[in-house]
Each structure stands twice: as structure tokens, then as C-alpha cells.
Protein chains: 2
Amino acid sequence: MKAGPSQEDIRRHNLGTLLRFVHLRGPASRATLAESLGLNRSTIMALTADLTAAGLVREELPRKPGRRAGRPSLVVRPESTRVYVLAFDVGVDRLVVARVGLGGVVLDRREAARSRGSDPGELLGTLVAGARSIVRKAERDAVCVGAALGFPGTVRREDHAIMFGPNLDVGELRLGEALSRRLGLGIPVSVCNDANLGALAEHERGSGVGCDDLIYLHGDVGVGGGIIARGRLLGGAEGFGGEVGHMVINPGGRPCACGSQGCLEAEVGERTLLAHADREEAPGQTGRDAVRAVVDAADRGDIVAREALHRVGTWLGLGVANLVNVFNPGLVIFGGTLRDIYLGAAAQIRSVLATSALAAPREKVRLRTAALGDDTTLVGAAEFAFAEVLADPVQVLARLRAPEDSPV
Amino acid sequence: MKAGPSQEDIRRHNLGTLLRFVHLRGPASRATLAESLGLNRSTIMALTADLTAAGLVREELPRKPGRRAGRPSLVVRPESTRVYVLAFDVGVDRLVVARVGLGGVVLDRREAARSRGSDPGELLGTLVAGARSIVRKAERDAVCVGAALGFPGTVRREDHAIMFGPNLDVGELRLGEALSRRLGLGIPVSVCNDANLGALAEHERGSGVGCDDLIYLHGDVGVGGGIIARGRLLGGAEGFGGEVGHMVINPGGRPCACGSQGCLEAEVGERTLLAHADREEAPGQTGRDAVRAVVDAADRGDIVAREALHRVGTWLGLGVANLVNVFNPGLVIFGGTLRDIYLGAAAQIRSVLATSALAAPREKVRLRTAALGDDTTLVGAAEFAFAEVLADPVQVLARLRAPEDSPV
């Protein structure tokens, strides 16, 4: 039980709220900010002055002057090229590193294919090389305010250790620490489950804007989930929450990489779809392209592909029904390869939902695809990396700008 | 995005926090309050003065004077007999109405058996009679600050309408409104799913104190669930969240009251346990007593009862494993008839959990029984009813004490 905040807490909160507003919604006039945040204009002026002095925003005359007489309200813009984060997205088949400016602008990016047998050392090397190359291109006075990495596995919140992941058999993997050390930028690299980041991204910038209770389902080779409840990511006691891919929906069903059987992932994952479609052994046929090929074939009338998609859609529908009953989400969003599967099997998924979910939570739930497409998890990593500076903008920036003065 | 609170918001919050502290933890000295709430003693004095003037707490000299020299710190006590709520608990077989004082003291209670075929009108009549009888016994200057009812069904948050429940086929049932009208106390009666209330109660006063991510599983004739995430009840978009009893864990399995098949409720509910134990047809054999009889028989070595409990325990373990993967709770609490089933089948439940849940979220999860026993859902209803006065103590009480002056 905590007592109310101090004046200083409130100022910090308001600074963060204003910065968050222009970060997520774009440049805004002082008048708009005053109205949207419920603060008077003199408070907005004072907050903006602090954020400007810290180099986080700048004020400009509006590009299109308003119609009202008198002085136009100044527009507050995020300093997108001067304040940035590094976002890392580790997919099963693809690695992406991006420099993302305040306001969510992807300023620069590097992509590399990832071979499924690659070891953590090789992975680390590729990420470091990509990051160095894009940091070098940043403006000379730009400051990196955070870094985060999305990983398709189970990540402990406390120390960002990766506990379990596909094609990974190394015990606890401390990828964030290693990456931070190798980059030498003096900032930690947060690590988070990729589907959790996808949920964050879709909630803040995608299909889920305005919906505070949603579920994001992400298909890579496995199936991950991210749950937004009351507007925040549901992490559970240690940050492992959202592992909906390992909800058993078919006891005694297909074996799963986790050691169990009949998990959602085992019934609807990439390998299962390809196996049902008799495409398991085709050379080079893995990943999103392979899943898309099955969906396309089904669309063209290929009977085997249709049947495969129907089977996978049935199990996916059952998984969604369970989640609808348990969470009563306003929205379920399909991303990664599940985006394609959903587009190919929507009717089947809806049909199972109709018979297996309770009427009350089913009636208003909407099913959607990820609006951010293949960048959903990357955008989520960027948002995760921005979290600290958005929570306490001036202090974080002061610390980063004068590292030699700060106590270590 | 909301700006920080005003001074008045903070005062209200602090009043609520202080009152909540003595409500949940019992009488406390000003010194303890100052330390626990992180406020200085003059602020505590001012807050206590306001709460005292409102008749919510009183200050007394400590019963056992401390060892320190000087004036002893006054002890702040909740006005338990003068400020109360009405708590209604509708079980499948039992109805309870209680008058619960600030501080959580059950001041008075009435219980009645409920026949399974009873209609909403009969139910309402029993509840009204019970409530009237205990309100009449309240002290003359006592004030009822809230009322809430727990119901074993799906309840819409917005208007407290009951959408679905066992032995109920009446469309949307507005039991709260009807009850409030019949009672004529000028207070609304909130309605909430019983298992949700159980979660609240165990989190605030039971096995879950101190654990902010927990799952409460409640067995009556059906199986309900309540989820606490980050210390708050997870309701979802419309308040239907937590219906874990209708998570399908055995596709094509036993038919469920909801129309689906193989739901957790269908595999572990009372009827299924009794059917497996060949006790389905025994006269008078329903409810908690019947479940306890099976568990007792198994304990005495009855083979059929043992086998029945083993089967139910296996499915319950699978359900728990799914919830552990999806939520990463710190604690799973078994209440109602599931308390007995857990006690009889703990080994089996843990064994399934070990094979079906991911290692990471499984390692630290604890399994416990409801500390509040058969009163878990009743206590939850009382806590739910206290919520409003705890959020804004002085204003709520002022409104209730002067109803003739308030605008209608």
C-alpha cells in the first residue's frame, strides 16, 4: 500500500506523459497537449521547456498556420534523429537490427538471414556487426537512450536471461549482457519474448490501438503469445507469462519441442502445417515463405494444402476459444506466420470459436491481423527500449549525456 | 494518457490508503502508519482526523503501552460495528448473507440451503429476508457503505447482468438491481463472478497475501477461476475474464453445460467425479459433502473412489499446467470442492504439472488450498462491497449519511 506521489513524482510523470504523447501520436500543438493531457497551458509550457532543454523535443511554428487569429500555438515535435534506441529482432530465420528515433521512426536498419543451426556466438557476432554499422551512421550529437532485443523464447524478467527457446540448448543464455558488453555504448540491452513485444507494438502502434485487453499470437517456427491486460503486458510472477503456445489443447497429440504433447504450438506450428501439406521434406522450404506457399496453394484449390490448413485452423480456433474464455479479450491479433494461416483459415477458426467459446466473451471479440506486418516484433523491441526514457525523460537523458560525471 | 493527479486526488488517495491499511491489517499506531505508508506524522494526523470526523476510524490509547518513554502513539482502529457492508454469496447449494464490518469482521450472518431447481424469484426472496434480518440487528447509528453478491456465473462488468450460470436459463438476470430495490437501503448491489471474488479474498486475506500474480480455482457444481495479475483482478474487456472452467482440455471429451465438450469443468466438476465414482445416482448425494465423501473413501482405500480421483486429478493437473504456462502465476489456490479434490489428488496434479508445464514458470509456482475455506467467496463479496468507500472514504460516507440532501 503506497501513499500518493510527491510533487516531484508528479512532475516526472507529467514529463513522461507529454513525451509519450508526441512519441506515439506525433507532433502536437501546445493547445492539443493541454486538452489531451488535462493540464493547463502554463504547465504544458513549463514541461515542454524542460524537455526542450534536455534535447528530447523541439518547438516549431506549425507548418500550416491555423485559421484562428492571433499567435499560432507552437507545435511540439520529438527529436527523432537526435534521440534513438537500438532494436534487435531475433527471428528463427531472420535477424534485424534497427535504429529507431523518438517518435517511432525507423532511421536505419540491417537484416541478415539466420541459419537454423547457428550458435549463440554466431548470432551475437551478426547482431553486433549490424548495430555498429548503424550506430556509426547516426548524427554526431545523437544519443542512444536504450536498447532491446526480441527473442523467440522464455525470458526471465529479473535478469533478462533466456531460459528456453527453439533451436537453443544452452541453459540460461545471457544474450543482452553479452550484446551490451560488445557494443560498448554504456547502455544495457533488455531482452524480452518476441510475442510479448509484438503485443506491445500492436497495442501502441498497430491493430490494437485503443484496445486495452488484447491477445497477440505470433507464429515463427513456434507459437508465442503476448497478452495486454488493462493496457499493460501481462508478465506473471517472473515474466514468463503469455506462453500460450504451450497450452495443451490435444492431450496425447503431436509431440512438442517443450517435451509435452498436443501443445497449441505442436498442432499449429510451421512444421505441422508443412507435414500435413506433405511439404516437410522440400528443400529450402521453411519459414514464412513455406507457410505462405501452403496458404497460396490452398487458395488456388490444392486439396492437400486445403486439408492441411483446415486441420491447423481447427486447432488454432480451439486455442483462440480457450483464450477468449480465459481472458475475455476485446481483440485477438494474428502475427508472423499465424497472420498467413489466419488469412487462409479464418472461416474455420471462427466456426470453432462459435462452438467452443462462451457466448458472453465471444460476442464482441474481434479477430485481426497484425497491422505492423513482419516488423511487429521489431517495433515492439523499439518501444520496450524507449520505456525507461519515457518513464523519466529528463533524468535518464541527463545520465546518458554526462556518463563520466555519474557515479558508477 | 493521463497527466498526474491533483492535490485533491492525492489527499483522497491517501485517505483511502490509510483506511485500507487498517481495514486489511488491523489497528495500527500513527507511527506504524507513517512508516508503512511513507508519509510524515503530521500528514497521518491530518488524514486520521478526517477519517475520524467521518466516523470511519477512531483513535485510542494502545492497550499495551510501548516501552518507549514519552506519550504513546495513538492507535487507529476501523469503526467495525458502525461501518459495514452486506455480502451475499450464492452457491449452487447454499446461500449466505453476512453483515461485515470495516476491518473484515463478520458481524452477523444467515445461511440457507438452496435447492438446485430454485428459480430466481425464490432466490431473491431468501436473500432479501436474510439481509433484512441482519440489517435490523445493526447498531442504530451504523451505516451500510456497500453491498455485493457473488454468483457462480458469467457477469458483465458494465451493468452487473448475469449472462450465464449453472441451473439458470433466464437470459440476462439482473439480480443486483432487483435486490437493491427490494432492500431499499439506497445502495446498489454489485454482482461479481464468485471465483473472481474468491481470488480477491485469498489475495487480500487468505493464502495469496503478498503474491500479486495468482490464480484461484473454485469448484462448486462447475469450475470457476479468478486471476490476479499485478495485484488486480483480471476482468478482460467486459469483465468475463477468468472463465478457466471452460478452457477445453479434452477435445471430444465429456459434454459441458456450456454446450462445448471436454472443458476443464466437464472433466473435473462435481458431476464427473461422482459419475467416475459410481455415486451419480445416490440420493441426496450432491454438493460439497458428496465430493468430500469420495475423497474420504479414496483416502480409506476405496478403489473406485481412488480411480475417480486419479482421473479427475489428471485433468485438473493439465488445466493447472496450461494456466501456469499462460499466466506464470506465483501461486495457484484451490477453493470450494476443488480444495478437497486437490487434497486428495495433489500428487497426481503435481505429476501432470511436471510433464505438461514449461520448466521456467513451473519451478517457482506454489499450489495451496484456500485459507478462508468455505467463506472465500463470501469474504470476496465483502471486499468487493468495500471497494468504493476505500477508494474515496470521506466523500462516499458523506453521501450515504446525508441522502436527503443529495441530488437524486
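Trainee: Why is B:E59 called partly exposed?
Mentor: Its relative accessible area is 26%, and partly exposed is the band between buried (under 20%) and exposed (over 50%), using a 1.4 Å probe and protein chains only, so B:E59 lands in that band. Bear in mind that this is a predicted model, where local features need pLDDT of at least 70, side-chain atom pairs count only at pLDDT 80 or more, and totals for chains, interfaces and linings use all residues. Residues are numbered from 1 along each chain as written, chains are lettered from A and ligands numbered from 1 in written order, and side-chain values use heavy atoms, without hydrogens or water.

Trainee: What makes B:R30 and B:E59 a salt bridge?
Mentor: The N to O distance is 2.7 Å, and the rule asks for a Lys or Arg side-chain nitrogen within 4 Å of an Asp or Glu carboxyl oxygen, so the pair qualifies. B:R30 sits in helix α2 (residues 30-37) and B:E59 in strand β2 (residues 57-60) of chain B, 29 residues apart; these are DSSP runs (H or I, at least four residues; E, at least two), numbered from the N terminus. B:R30, at 16%, is buried.

Trainee: And why is A:D340 called buried?
Mentor: Its 10% falls under the cut-off, so buried it is. Its salt-bridge partner, at 3.3 Å, is A:R292, which is partly exposed at 28%.

Trainee: How do you know that chains A and B are related by a two-fold axis?
Mentor: A 180 degrees rotation with 0.0 Å of shift superposes them, RMSD 0.0 Å, by least squares on C-alpha atoms with pLDDT of at least 70 in both. That is the two-fold relation. In chain A, the C-alpha nearest the axis belongs to A:I249, 2.7 Å away.
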